[in-house]
Amino acid sequence: MADPLSFYLDDKPQPGTGSNFNVDYVIHYKLPTTSVNEKEEAEAAFIQLINALSAVGFATEVRPGGKSSLLVFTKIASEKLLTSQVYRYRIQDWLFGVRTSAPNQDLSKYLEEEPVSEAERLRLTYLLITKSKNEGGAGITAKVGKWKYVDSIFPLHDHAFNHRWIKAWSGKYFLDEEDLNRIRDKFGERVAFYFAFLQSYFAFMLFPAAFGFAAWLILGKFSWFYAVVNSLWSVVFFEHWKTKEVDLAVRWGVRGVSRIQHPRPQFQFEREAQDPVTGEIVRVYSPFKRLSRQLLQIPFALACVVVLGGLIVSCFGIEVFITEIYTGPFKQYLTFLPTVLLTIFMPTFSGLLTNLAEKLTKAENYETHDAHQASFIEKIFVLNFITSYLPIFLTAFVYVPFGKLLVPYLDVFKVTAQSFTTMEKPVTKSWEINPDRLTQQVIYFTVTAQIVNFLTEVIVPYAKRKVFKKVQEVQSEFSGNGHELQIKDHPDEADFLKRVRNEAELDQYDVTVDYREMVVQFGYLSLFSVIWPLAACSFLVNNWVEARSDAMKIAIGSQRPVPWRADSIGPWLHSLGFLSWLGSIISAALVYLFNKHDINPDGTPWDISGWALLLSILFAEHIYFAVQLVVRSLVQKLDNPGLQKERAERFAMRKKLLEQTFGSHGHDADLTEEAQGPGHVSSGERITREALEEEARVNATKTPEQLFWLRQRGAAETIEIGRGLIAEVAAANQTKSS
């Protein structure tokens with residue numbers, strides 16, 4: 001396959017993009033390149049992998065994935081198995097209140113009325129691969145335990161759809177409901193909710209952009225009128241989105257789907273006990289142990305403040321000294337020193353703290369994926385809050401009001417600078433406050449930083465992949481090793497397999513990263529746009545580009561995401577609410593400090609009265625809550641005895657209905673026969689010359705997609721060929737190392 005980007009820049013069809021060969025999922029199986037023992041372990045794990053997939057009803061095919069990996073192609077072998085899964089999970093949706101009515105027992109008629117979407121098929125297939133054997137799945141979890149050689153499990157991109165998608169969006173200003181529905185059908189509700197949020201946020205941004213431009217022309221900076229309107233806008237948008245996401249959840253049929261939790265394979269329970277309400281046998285982990293580990297979030301937050309805050313404060317002090325006090329040699333070069341230090345140390349410290357956040361979240365040992373993800377997002381939000389907003393807080397509430405008092409503490413830089421120069425005259429001057437510093441910082445974070453984020457998110461990863469691939473090709477060309485593993489694909493599959501190998505090397509798409517960018521941006525708008533009212537204009541342009549660049553990132557920069565369901569934007573909703581509330585307080589403080597008063601010559605703003613500042617903050621906060629109560633109605637649900645009774649009755653009903661539906665019909669009894677897959681040859685069947693000739697005549701009339709699944713007839717042959725490929729890789733790596 002040619003470069004994927006060229007496929008989206010012209011209308012010429014690219015080789016290998018026309019069909020996915022009916023593949024549901026590809027398992028990228030990495031092979032060790034060192035010891036013989038690891039090779040034997042990988043081979044045994046591969047046999048377990050194929051047997052586990054075959055046991056639950058998958059047809060499999062294996063192909064070489066590269067110099068040290070295999071590609072295991074899977075698809076559900078029988079439509080009857082898929083129908084059984086669809087019916088089972090739709091029954092579950094009805095029992096949990098996601099669906100208003102139970103599925104019709106006449107499955108053929110029911111599926112004609114409500115056909116299975118591509119996203120639903122892929123989601124149920126992924127669950128069948130990953131859920132535990134006790135729940136009827138294969139129990140395969142990438143990079144965990146005995147599946148440590150399973151690098152990733154991903155569906156293939158539909159490049160024809162992606163091409164139409166990108167081309168249609170490039171000529172639109174607004175995304176309509178049909179656009180969102182297409183995303184939902186292809187990538188699932190979780191991704192669709194992100195694009196729906198981005199579109200709603202973009203539409204709402206029109207007002208603050210227009211009003212901010214007018215305020216910039218007429219009112220200027222630190223206008224109390226702009227601060228009030230901006231705070232009201234943030235409240236209205238927040239409450240609007242809460243209503244909007246409920247509406248979307250109802251229309252997409254996922255209202256309440258968050259109640260259906262997917263268990264984490266990594267959850268370690270202490271014991272099994274009977275639920276006192278439902279009587280269900282549940283796995284129990286001590287809530288006191290989890291609470292004690294959750295309390296570690298407090299020292300974690302303090303560590304973030306000390307490490308990241310200390311770095312930012314240090315670079316802040318160096319920057320103030322160099323730009324506003326230092327007059328010695330090399331000043332034009334030393335000006336970049338704080339940026340260099342932040343560029344070097346900030347990603348390192350942030351990465352270490354992110355890894356620490358992951359370990360703390362794992363230690364909290366949550367039963368479900370959603371609970372685990374929510375806890376992790378809370379920790380990430382603390383990191384982002386410090387790195388994104390602390391520099392502006394320092395300038396607004398430390399540098400300007402108390403700069404004259406703090407400048408003497410910069411003498412350490414003065415002494416250091418003087419000792420490194422041979423000049424007899426002083427290399428510093430008396431400090432004077434820079435009144436434009438606060439505005440310049442806000443402009444940087446709302447304009448320049450947005451451009452840098454776009455480059456690092458889209459352009460840099462694409463360039464890195466191109467350069468890395470070119471380096472590999474050059475190294476392979478000049479290695480001079482005649483024992484390199486040679487991959488020989490069938491001509492009918494060559495273009496398709498080349499494209500799959502490219503997709504296998506892509507990063508996994510994480511919608512959390514995109515949510516984080518938008519929430520941080522919303523924080524800049526609600527907290528600091530009173531300093532520079534044109535911030536919303538910058539964000540309006542950025543978000544139009546962001547929607548298209550995120551689509552391109554999914555289409556060509558990442559593996560196709562598993563189409564998970566969701567009924568909201570998740571924990572990010574709480575982050576929006578917090579930033580909206582905090583924005584009312586910070587805006588009031590900024591207006592009080594800087595509105596209609598000049599900065600005094602001694603480096604401080606006008607006389608600050610502590611009680612007046614506190615009063616303005618409390619007044620703004622109470623207005624915020626009053627407006628919030630007007631635009632929404634908050635309903636709290638308590639787990640009272642009536643709800644416990646309902647829960648017990650619903651559990652009994654679920655258990656009874658599942659037993660009636662699946663206990664006697666024996667849907668799973670036919671899996672052994674149907675899981676053999678197309679082209680299966682039983683062990684007792686005798687292969688004769690006449691049988692082979694007849695098979696050749698039949699295969700001559702089949703399409704390449706059909707023949708793809710006939711190359712290996714059954715799990716035993718897949719295992720045999722896979723073992724041969726593993727041996728070839730091991731031999732090539734051993735020869736190369738010697």
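Guide: Begin with a definition: axes are lines fitted to C-alpha atoms, for helices over the stretch in contact, and angles run from 0 to 180 degrees between N-to-C directions. Keep in mind that this is a predicted model.

Visitor: At roughly what angle do the axes of helix 6 and helix 7 cross?

Guide: Helix 6 covers residues 159–170 and helix 7 covers residues 177–187. Their axes come within 12 Å. The crossing angle is roughly 155°.

Visitor: Is helix 6 roughly parallel or roughly antiparallel to helix 7?

Guide: Angles over 145 degrees count as roughly antiparallel. The axes of helix 6 and helix 7 cross at roughly 155°. Therefore helix 6 and helix 7 are roughly antiparallel.

Visitor: Which residues of helix 7 make the contact with helix 6, and is the crossing left-handed or right-handed?

Guide: Helix 6 contributes Phe161, Asn162, Trp165 and Trp169. By class, this contact has five nonpolar, one polar and three charged residues. Helix 6 passes helix 7 in a crossing that is left-handed, and the residues of helix 7 in the contact are Asp179, Arg182, Ile183, Lys186 and Phe187.

Visitor: How far apart are the axes of helix 7 and helix 8?

Guide: Helix 8 spans residues 189–218. It packs with helix 7 at an angle of about 155°, which means that the two are roughly antiparallel. Helix 7 passes helix 8 in a right-handed crossing, and the axes are 7 Å apart.

Visitor: How many charged residues does the contact of helix 7 with helix 8 have?

Guide: From helix 7 come Leu180, Ile183, Arg184 and Phe187, and from helix 8 come Glu189, Val191, Ala192, Phe195 and Ala196. Asp, Glu, Lys and Arg count as charged. By class, the contact has seven nonpolar residues, no polar ones, and a charged count of two.

Visitor: Is phenylalanine 238 buried or exposed?

Guide: Phenylalanine 238 lies in helix 9, residues 224–251. Buried means under 20% relative accessible area. Phenylalanine 238 has 7% relative accessibility, so it counts as buried.

Definitions and conventions:
Residues numbered from 1 in each chain as written. Predicted model: local features only at pLDDT ≥ 70, side-chain atom pairs only at ≥ 80, totals over all residues. Heavy atoms only, no water. Helix = DSSP H or I, 4+ residues; strand = E, 2+ residues; numbered from the N terminus. Buried < 20%, exposed > 50% of the residue type's maximum accessible area, 1.4 Å probe, protein only. Parallel < 35°, antiparallel > 145°, perpendicular 65-115°, else oblique. Left-handed = near helix turned anticlockwise from the far one by under 90°. Contact = heavy atoms within 4.5 Å.
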